[in-house]
Amino acid sequence: MPPTIPEVRPHNHRIFVSGLAKTQVERYEGGICEEDNLGYFFHNRGCDVEDVRLMVDPSTSRCRGFGFVDFKDEESFRKAITLAGTEDPEDVKLDPSSHGCLKVEAAKPSQPVVRDKQQELAKARDQTEDMERDLRLREARVRELERELRRNRERQARLDEQRAVELGLEE
């Protein structure tokens, strides 16, 4: 059975780990030894690891030199970020080009997540523009009603004056 490609879902506490050895991974029933070792590396340094995924070429079963680690909380995530540059991490095989240092950084959101956020932002922007347009129309209507009210008051004042004059003439 060919190896499956791991599904990568958005996560709030995800790091990107690079500089890993681009070697054949050692698989066992239900997992990959190198993923376990990377997870244990962070766990042994006080991080609460939720998931580890090495990116593995499905046709060759070789690690592509990087992976992702998800943590259960912000504290673990921040602690993991401080482990960037750790030299010769225990039981984690590194690529010679990494000069013996583990590279760790906050993972960037995947393109679908970015696209979804952009669509959400565009929708919110459209709603705001619609509200502003509606507000301008209502403001214009209020100004129109104020003008009409002023005209009615002026007319009423004239009628009151005429009535007063008429009443004065009748006396």
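This is a predicted model: local features need pLDDT of at least 70, side-chain atom pairs count only at pLDDT 80 or more; totals for chains, interfaces and linings use all residues.
Ser 61 sits in the loop between S4 and S5, and its phi is positive, near 60 degrees, in a residue other than glycine.

The hairpin of S4 and S5 has four residues between the strands. The two strands run antiparallel and are joined by seven bridges.

## Strand S5

S5 also pairs with S1, again in the antiparallel sense, over five bridges. Here Val 17 has Gly 67 of S5 as its bridge partner. Eight of the 10 residues of S5 are buried, so the strand is largely enclosed by the rest of the structure.

## Nonpolar core

The largest nonpolar core contains 22 residues, and those with the most contacts inside it are Ile 15, Leu 20, Leu 38, Phe 42 and Leu 102. At least two residues of this core come from each of strand S1 (14-18), helix H1 (33-43), strand S4 (49-57), strand S5 (62-71) and helix H2 (74-81). In soluble globular proteins, nonpolar side chains tend to be buried together.

Leaving aside residues up to four places away in sequence, Leu 102 touches several residues, among them Val 17, Leu 20, Phe 41, Phe 42, Leu 83, Pro 89, Val 92 and Leu 94.

## Asp 91

Asp 91 lies in the loop between H2 and strand S6 (103-106). Its phi is positive, about 65 degrees, although Asp 91 is not a glycine.

Methods: Residues are numbered from 1 along each chain as its sequence is written. Side-chain values use heavy atoms; hydrogens and water are left out. A nonpolar core is a set of buried Ala, Val, Leu, Ile, Met, Phe, Trp, Tyr and Cys residues joined through side-chain atoms within 4.5 Å. Buried means under 20% relative accessible area, exposed over 50%, partly exposed in between (1.4 Å probe, protein chains only). Contact means heavy atoms within 4.5 Å. Two strands pair if DSSP finds at least two bridges between them.
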